[in-house]
Amino acid sequence: MAETLYRRCPGCDQFIPESEALCSHCGHSFETPPSQSTARRWGIQTVIVAFLLLLLVLSLVFESRPRFIGSFTTAVADPPWTATPSSESAVREVLPDVASKPTQTPFPEPIVLVERNMNVRGGPGTYYPIVGAAKPGDQFPIIGRNETSDWWRIWYYGTLAWIYAPLVTTANTQDTTIAVFIPPKLTSAQIFQKVSPAIAYVQTEEANGSGVLFEGRYVVTNRHLVYPFDSARVVFPNGAEFDEVTVMGWDLEADLAVLGPIEIATEPLPLIDGESTPIGADMYLIGYPAEFESFPQPTIVKGILSRLRQSESGRITYFQTDASIAGGQSGGALVSDTGAVIGIGGSSIADGNFALVASSADLLPRIRQIIAGGGDPVEEDRRRRAAVNYDGGIDLLGFALEQGEDRLPTQETVNLRRDQPLWVGMRWRTGSDQHVDFAISLRIHDESGNRVFQQDEVLTDPESRATSQWRELEPVDTWFELEIPAGLSTGVYELRLIVYNIETLTPTVEIDVWEPEVLLARMSWREGQ
């Protein structure tokens, strides 16, 4: 017999069989609901139908979407008819670039395409060391560029390097922003730690100063520091000492000399073009000012870039800085706030309140020319020590003649060229009791002894100080362009020197000779020379 199911009447609170539509006690009317078992069946069916619908939707989605290999950011699709690779080697064969890199950009990677043999360097410029080479067909990812966009920063076989932009082509750079690489600024301590190990102490019999270790283990310094010697002593901060390092050559106009090469493990310093450095930027001088020890340590001083100046010829740019400078800084390094050596050497103006340092950008081609053998070689028979001791408290230690890029042999008759100016260089030294300002008279005499040309010059040091203000016993170099008249007749001439007191116009004479005139050289002046 079937079980009777009851429900409570809301009108009279009596239990009424579910099969009755009206309450027999109060007449309340009921709608006929489905049975509880019917409700359970409908609930189960609803769940099953919903699950089936979900499976249908998912199957439609996966049937219509492409299959992906790699991350969602790479989104490289396999066509429906291509089997999915079953191993890592198969994945690398189909998609080597995606499989070998953990992350990718949604755009094609910018690259450089090499079309010729070329160098790859450690920085954006030919003054940086070569770190490798590239050949036609090579491709490298582009990481960035320099501020002027003439060098690409690339990923070169696991390291960052630079390649010259005008000599390569690029791909995928149109719609991609290439980051600009700007060297970070360094603290004074970081700059000294980076640069000072390669700053050399340079010493001759008559002077001492500074030098910079350059690529190829050459030492670059000022010419006036080593002239007229053909070798010098070189010492580094780590105690490495090199006696009689050969002076390879020098450049008169740039006051530049190159010594070496030497065998040392210290890393050389690249010379960097810093002429775009903004006025007011921090500058550092590193060298050996006022040094007297045999194995000294370098000194660092700080200033700002005051302005840029040009040489009279317009071929050399000088940095003017208020960084403190003293004797011995010659040949030292001028360093930017990023640790780049942007200048070499040092002289002063305005009573020593400002230093002038030649730009690395202008010195670099001259240095490489000297190293390649194109500069002026220093040979024993091509220099002459005059060693004239005057009675006025001033001595002529040596002299040289130069025309164009050539040093002239002063111990024999000099063949002059009409198309080049003649430079006369002299090294002087004053005594402790010298308080006179001197001038010189350069005179040309013909074979009969007649004076046919005369040029007078006041003797001043690189800081434009007269002889009475020169430092005691410190060598001073002077250079004068001899303005020989174009109409001078062909023949052989003598170049003579007289030193005289500016105030009294009285000549000083050579001790033990007691003659005012000193013969410097014999010169041949010919047509077509």
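This is a short tour of a predicted model, stop by stop.

**Before you start.** Residues are numbered from 1 along each chain as its sequence is written, and side-chain values use heavy atoms, with hydrogens and water left out. Local features need pLDDT of at least 70 and side-chain atom pairs count only at pLDDT 80 or more, while totals for chains, interfaces and linings use all residues.

**The whole protein.** Colour by secondary structure: the protein has 6 helices and 34 strands (DSSP runs numbered from the N terminus, helices being H or I of at least four residues and strands E of at least two). Of its 529 residues, 43% count as buried, meaning under 20% relative accessible area with a 1.4 Å probe, protein chains only.

**The barrel.** Next, select β18 to β23. These 6 strands close into a barrel in the order β18-β19-β20-β23-β22-β21, with antiparallel pairing; two strands pair if DSSP finds at least two bridges between them. The twist averages 45 degrees from one strand to the next (axes are lines fitted to C-alpha atoms, for helices over the stretch in contact, and angles run from 0 to 180 degrees between N-to-C directions). Zoom in on β18 and β21 (residues 333-336), which are joined by 4 bridges; here I286 stands opposite A333.

**The open sheet.** Move on to β28, β34, β33, β30 and β31, which form an open sheet of 5 strands in that order, with mixed pairing. Show β28 (414-416) and β31 (451-458) alone: they stand at the edges with a single partner strand each, so one side of each is left without a neighbour in the sheet. Then look at β30 (residues 438-445). It pairs with β33 (residues 491-501) in the antiparallel sense over 8 bridges, and I440 stands opposite V499 in β33. With β31, β30 is joined by 7 bridges, also antiparallel, and A439 has V458 as its bridge partner. In the hairpin of β30 and β31, which has 5 residues between the strands, click on G449: this residue takes a positive phi near 90 degrees.

**Last stop: lining by class.** Finally, colour the lining of the second largest pocket by residue class: 25 are nonpolar, 12 polar and 11 charged.

Methods:
Nonpolar A, V, L, I, M, F, W, Y, C, P; charged D, E, K, R; others polar. Buried < 20%, exposed > 50% of the residue type's maximum accessible area, 1.4 Å probe, protein only.
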